[in-house]
Amino acid sequence: MTDPNTDGASLMGTPGSDGRFGDFGGRFVPETIVPACEELAAGFADAWADPAFRTELDGLLADYAGRPSPLTECHRLSEELGLRLLLKREDLNHTGSHKINNVLGQALLARRMGKRRLLAETGAGQHGVATATAAALFGMDCTVYMGEVDMVRQQLNVFRMELLGAEVRPASSGSRTLKDAVNEALRDWVATVEESHYCLGSAMGPHPYPWIVRELQRVIGTEAREQCRRLLGGHPDIVTACVGGGSNAIGIFSGFVDTDAELVGVEPAGGAAVARAVPGVVHGSKSYLLQDEWGQVTEAESISAGLDYPGVGPEHAHLADIGRARYEQVTDAEVIEAFQLLSRTEGIIPALEPAHALAWVSRARADLAGRTVLLNLSGRGDKDVGQMMEILR
Amino acid sequence: MSAADVPTTTGIGPLEAHLRARRDAGHKLLLPYVTGGYPDDWPRMVEAFGQAGADAIEVSIPFSDPMMDGPTIQQASSLALGSGVTPASILDAVEGIESAVPLIAMTYYNVAFHMGHRRFAQDLARAGIAGAILPDLPLEEVGPWAECADQAGVETVLLAAPTGSDERLVRVCERARGFVYAVGVVGTTGERAELATSAVQIARRLKAITDKPVIVGLGISTPDHAAEVAEVADGVVVASAIIRKLLDGEGFDAAVEFVAALRAGLDRG
Ligand SMILES: Cc1ncc(COP(=O)(O)O)c(C=O)c1O
């Protein structure tokens, strides 16, 4: 049953109470947290319709996070690649990535709903840092789950979270990466649902999360569309972003889904859930999922902890299913090259995650010749510099 | 559609009939848990639990991401998966078990979804399994699976949680087959030193609205806990406390003795 309404205008609307995007989404969670999911959906619908809430969030995004983020035209790199490359600079946000957009909104919502504790999962640590930041700002308790493997890869962010007053708890089961951190965060939520808000970090999980996170990241697309209108007098030919869970991509796609711009999500080759297109259910929603012949979830493998996730948010599965967006994959080696390329040509050290999108642009440059490409630079590379130093030196 | 194809969505299935009959005879129900694939001689353990006083037995089909489980069950599941078991190998082994009591499969939804609802339901039925528990498949999502399960004669047990409204609990009880699994704590599976007050409370709330067997699970760790909950509930599920003994190396006989002790606790009342 594919959604018959595949025209742009009806895309990315408010999902129904079943939280479906075509065949995908839903709410596959233990009974214990179903009422909390329902409350959250109602609480968000109410807040999102409340001008006072929106004004307060807009104020925080402007005065605390530093929005709007600029649009940067990459003159040198454009020339090198033979196309016109524009970057949406989410790396310039406070805490260093797009994750802050989502977290400020969810923290405000949690406070409005009377919760005094935030809990979160994190892969690269950017979502954990953003959540710890918001908790500090609002005076809330904060617990962040992080895979043991990622805690080693991203020590700097672990220390940052601790400085911000959060408790970082290692997820030591399974692959000990993002997937397991999500499991632990969900278990914590099942046990503490009365006082805790689960501040989920991407456009995934049970309804209403994919919807909430998309709405909170919509600001990226809304700004970028207006910035492109001013700079280009229209919209770009291609809009691209990296995809782990899919929040930065859905945010920028939302600004262009009703245009004829091509939407291209880029996954790591070792975690290409959409490219393999096998549906499955984990972490509360039905989407494309890496799994074995028995439905056991298999481990993603990527150089970037933030994309090391075996699934993808359900709305991306839907966009792929109806052909509105397409999903490409790049290798770690291509990512390392792209990481150096942007640093050297534009003076911008990207996070390894958006370096995936750049790696695809670089590889596809012959096909993209002369066209205008908008790339969501979802975060800055400070957190990855140590890891890259070991690889490159 | 011929009359034979009409799903019996409201009739009482064999699992529920079995549990009701025992309950109505004044007996408190004991449902111990076994991880399919851990330890190696788990099929023999299922048989032994039946002889030690179980009224039905939960057999888990391990899943890679057991969202509802605490560290004890997670560890057993990952040991089982590490030893190479699959849903098919577990169901094959179940087929060879001579169980004195009904068996109930416990697994996560993706195992059923990936195999296909119809095939999974039929495979459970063929293995002789009477019921199924899918803890990440709540009321709103259970329909497509439950219809296939009903048709195959597998009774889908639903969880009822302390966080549910009275109105929601009524709907859960209506759709539940076999029995109603009362979630004793707001949390995941795992042992607890003290019996949670929520365990007795949820049992009381459910007993007031349904005539189906109400069985409390999660956090029941000792024969005394079992006896205390069963003053209100119709019975208990015990999982982590059993698996803990096995993980701690106390051995097969200790696990069977523990099930017998739980039986004695319930019979003492
Ligand atoms: C900079 C950056 N970009 C992207 C991601 C991936 O998240 P998503 O796919 O939800 O945008 C992360 C996650 O940690 C990140 O830190």
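For the classes used on this tour, Ala, Val, Leu, Ile, Met, Phe, Trp, Tyr, Cys and Pro count as nonpolar, Asp, Glu, Lys and Arg as charged, and the others, Gly among them, as polar. What you have open is a predicted model, in which local features need pLDDT of at least 70 and side-chain atom pairs count only at pLDDT 80 or more, while totals for chains, interfaces and linings use all residues. Residues are numbered from 1 along each chain as its sequence is written, chains are lettered from A and ligands numbered from 1 in the order in which they are written, and side-chain values use heavy atoms, with hydrogens and water left out.

**The ligand**

Next, show the polar contacts, which are pairs of N or O atoms within 3.5 Å. A polar side-chain atom of A:Ser202 is 2.4 Å from an oxygen atom of the ligand, a polar side-chain atom of A:Lys99 lies 3.0 Å from a ligand oxygen, and a polar backbone atom of A:Gly244 is 2.8 Å from an oxygen atom of the ligand. The ligand taken alone exposes 390 Å², of which the protein buries 97% (accessible areas by the Shrake-Rupley method with a 1.4 Å probe).

**The largest cavity**

Now hide the ligand and look at the space it takes, which is the largest cavity; a molecule sits in a cavity or pocket if more than half of its atoms lie within 2 Å of the grid points. On a 1 Å grid over the protein atoms alone, a cavity is a set of points where a 1.4 Å probe fits but cannot get out, whereas a pocket is an open set with protein on both sides within 12 Å along at least five of seven lines, and lining residues have an atom within 4 Å of a point.

The largest cavity holds about 310 Å³, a volume being the space filled by probe spheres set on points joined across faces, edges and corners. Among its 29 lining residues, select A:His98, A:Lys99, A:Gly306, A:Leu307 and A:Glu353, which lie nearest its centre. The lining divides into eight nonpolar, 17 polar and four charged residues.

**The second largest cavity**

Move to chain B and select B:Asp69, B:Tyr181, B:Thr189, B:Leu218 and B:Ala239, the closest to the centre among the 21 residues that line the second largest cavity. Its volume is about 190 Å³, and its lining has 13 nonpolar, five polar and three charged residues.

**The largest pocket**

For the largest pocket, with about 390 Å³ of space, select A:Gly174, A:Lys179, B:Ser64, B:Ser78 and B:Leu81, the closest to its centre of 20 lining residues. Helix 3 of chain B gives the most to this lining, with six residues (helices are DSSP runs of H or I with at least four residues, strands runs of E with at least two, numbered from the N terminus).

**Backbone stops**

Most residues other than glycine have a negative phi, and most peptide bonds are trans. The bond from A:His207 to A:Pro208 is cis, with omega near 15°, and A:Pro208 is in the loop between strand 8 (196-198) and helix 9 (209-232) of chain A. Finish at A:Thr95, whose phi is near 75°.

Terms used:
A polar contact is a pair of N or O atoms within 3.5 Å; within protein, one must be able to donate a hydrogen and the other to accept it, and residues adjacent in sequence count only if both atoms are side-chain atoms.
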